[in-house]
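Subject: Structure handover

Hello,

Please find the structure below. Some notes on what was found in it follow.

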Amino acid sequence: MLVLVIAKRGAPHLKVLENLPKEAEVKVGETAADFSAEDLARAEVVVNGSHHGHILEKIWPSLKNLKWVHSLSAGVEGVVIPALKESSVPLTNARGVYKKSLGEWAVLAMLYFAKDVRRLARQKSEARWEQFDVDMLSGATVAIIGYGEIGREVAWRAKAFGMKVIATRRRVTHASDEYASEILPSSENIQAIQRADYVVLSSALTPETRGMIGAKEFAAMKPTAVFINIGRGAVVDEPAMVDALQQGKIRGAGLDVFIEEPLPVDSPFWRLDNVLLSPHSADHTATWQHETVEFFVENFNRYIKGEQLENIVDKQAGY
């Protein structure tokens, strides 16, 4: 059973593939040319190790025996190429693998502003003893936009701090749960945002969510509110966010993702004092890449046993 892996040859995390059962034959390639015509014709499973689907798109016409595509990333906006979207081939992803570290980073961003960590660092560098008041997360309200697995990781941590959690999502099946006191449909994002001291965006990027958070949403936020993005950069209208930050319409932002990555050196985000900036590494723990391959190995074992695959993506919805 041939498994084609689109990834950098020799990458340390690919050693985990040695744990695949004996039925699996693995071939790794960084370009379409790295796979022979025979490989492409025989391949039953393709593992996409990049955030885009450029190579998958090139080899797609030759994948005559393809039964399953797996993405090592959670976001699949670049992987759902038209041919895959229109086919009956299932796509799975790494949804949930990175949720704990992202949940922790969201809390870090909230604490960064609540405790004015930037001021603490500045005063230390200046050897200046100057007492000041800080905020509490306890009693504050967080609105989580995109209440999936990552959103829930943020929610339970926020609740542990004594925060009130309001969440929104596309499909609402319950009005509340053990972490969120209110779960609203995405059509009520503004209503949730208006009430929040912290707004955490954890939505996937789809045609419907692209640019979803814009000038109207930033205008609805409290001037003391902090916006945090651990989802995808393109879900936000970045010029509108820059304007809100520069004009003091919101207190600040904690950003792990951006429309263009790496972030250009001339981006205003680098120079905004009220921005906590992470180079899309909030989920880069020491083992993050190994863990995503481990999840594929677990899913592969389900596949060869004829069991239901986990993390099947709704290709039409995009997540």
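Which residues have the most contacts inside the largest nonpolar core? This is a predicted model, in which local features need pLDDT of at least 70, side-chain atom pairs count only at pLDDT 80 or more, and totals for chains, interfaces and linings use all residues. Residues are numbered from 1 along each chain as its sequence is written, and side-chain values use heavy atoms, with hydrogens and water left out.

The answer is Met 110, Val 142, Met 163, Tyr 198, Ile 228 and Ile 230, in a core of 34 residues. A nonpolar core is a set of buried (under 20% relative accessible area, 1.4 Å probe, protein chains only) Ala, Val, Leu, Ile, Met, Phe, Trp, Tyr and Cys residues joined through side-chain atoms within 4.5 Å. Elements that each supply at least two residues of this core include helix 4 (99-114), strand 6 (141-145) and helix 10 (288-304); helices (H or I, at least four residues) and strands (E, at least two) are DSSP runs, numbered from the N terminus. Helix 4 gives the most, with 9 residues. A second, separate core has 32 residues, among them Ile 193, Ile 213, Ala 253 and Phe 258.

Leu 272 lies in the loop between strand 11 (252-255) and strand 12 (275-277). Its relative accessible area is 14%, so Leu 272 is buried. Apart from neighbours within four places in sequence, Leu 272 is in contact (heavy atoms within 4.5 Å) with Leu 245 and Gln 246. The C-alpha atoms of Leu 272 and Lys 27 are separated by 46 Å, and the two residues are 245 residues apart along the chain.

Regards

Definitions and conventions: Buried < 20%, exposed > 50% of the residue type's maximum accessible area, 1.4 Å probe, protein only.
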